[in-house]
Amino acid sequence: LRFSLIRSVRSVVSPEEHLNSAGVEQECCLDAVDLSFIMDHAKSEEWETLELCSIELNPTAIKILNQGIVHVPSLKSMTLKGIGLREDGSLAIRDCFSSLYALTFLSVASNGLGPEGAANLGVRMSCLTSLKTLCIENNNIRNPGARSICHALTRLTSLTSLNIATNKVGEEGGKSVSE
């Protein structure tokens with residue numbers, strides 16, 4: 001398991017100094033209390049980068065994550081990879097999108113979203129007006145999910161990179177993306 005929260009710093013420092021002075025990296029399992037504490041710290045420090053990778057979060061922890069993200073509008077990069085969002089978690093996470101006006105990078109890879117989860121995210125994704133890179137790879141979104149995401153992307157004029165690899169979108173879904 002890998003858990004990493006990194007707050008960008010104003011001065012240029014070496015990777016070792018950056019990790020020691022501005023971040024936390026450790027192997028662990030997170031519960032709702034831990035995540036609540038971490039998100040409170042993120043709010044007070046105005047983090048620009050949030051990475052949660054390969055940590056299965058339960059529904060309560062996902063709700064706390066969403067409530068915390070809403071209060072960190074300074075986020076520019078958010079990676080929520082392999083945290084077990086699935087369809088229900090995608091409903092919770094999408095509600096924070098309107099507060100993330102500075103977000104330029106979003107990865108929700110490997111979360112088992114499926115077509116419904118992709119549709120849930122697509123509903124509010126148009127709020128992410130600064131988004132340049134979107135990674136939704138390995139979520140089994142298939143054709144319906146690809147269409148939902150693509151519909152949302154038509155309103156994201158700043159988007160320059162989209163990764164939908166290993167989603168079984170097929171030829172029809174591929175055409176939706178290319179249009």
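Arg124 is partly exposed, with a relative accessible area of 31% (buried means under 20%, exposed over 50%, and partly exposed in between, with a 1.4 Å probe and protein chains only). The model is predicted, so local features need pLDDT of at least 70 and side-chain atom pairs count only at pLDDT 80 or more, while totals for chains, interfaces and linings use all residues. Residues are numbered from 1 along each chain as its sequence is written, and side-chain values use heavy atoms, with hydrogens and water left out.

Arg124 forms a salt bridge with Asp95, their closest N and O atoms being 2.4 Å apart (a salt bridge is a side-chain nitrogen of Lys or Arg within 4 Å of a carboxyl oxygen of Asp or Glu). Because Arg124 lies in helix α5 and Asp95 in the loop between α4 and β5 (105–107), this pair ties together parts 29 residues apart in sequence. Helices (H or I, at least four residues) and strands (E, at least two) are DSSP runs, numbered from the N terminus. Asp95 also meets Arg94 in a salt bridge (3.7 Å, N to O). Arg94 counts as buried at 16% relative accessibility, whereas Asp95 is partly exposed at 38%. Through shared partners, Arg94, Asp95 and Arg124 are joined into one network.

Within α5 (residues 114–124), the buried residues include Gly117, Asn120 and Leu121, and their cover includes α4 and α6 (142–153).

Helix α4 (residues 86–94) also packs with α3 (residues 59–69), at an angle of about 20 degrees and with the axes 8 Å apart. That makes α3 roughly parallel to α4. Here Ile62, Leu65 and Asn66 in α3 meet Gly89, Ala92 and Ile93 in α4. By class, this contact has four nonpolar, two polar and no charged residues.

The structure holds three salt bridges, one of which pairs Lys76 with Glu48 (4.0 Å, N to O).

Conventions:
Axes are lines fitted to C-alpha atoms, for helices over the stretch in contact, and angles run from 0 to 180 degrees between N-to-C directions. Angles under 35 degrees count as roughly parallel, over 145 as roughly antiparallel, 65 to 115 as roughly perpendicular and the rest as oblique. Contact means heavy atoms within 4.5 Å. Ala, Val, Leu, Ile, Met, Phe, Trp, Tyr, Cys and Pro count as nonpolar, Asp, Glu, Lys and Arg as charged, and the others, Gly among them, as polar.
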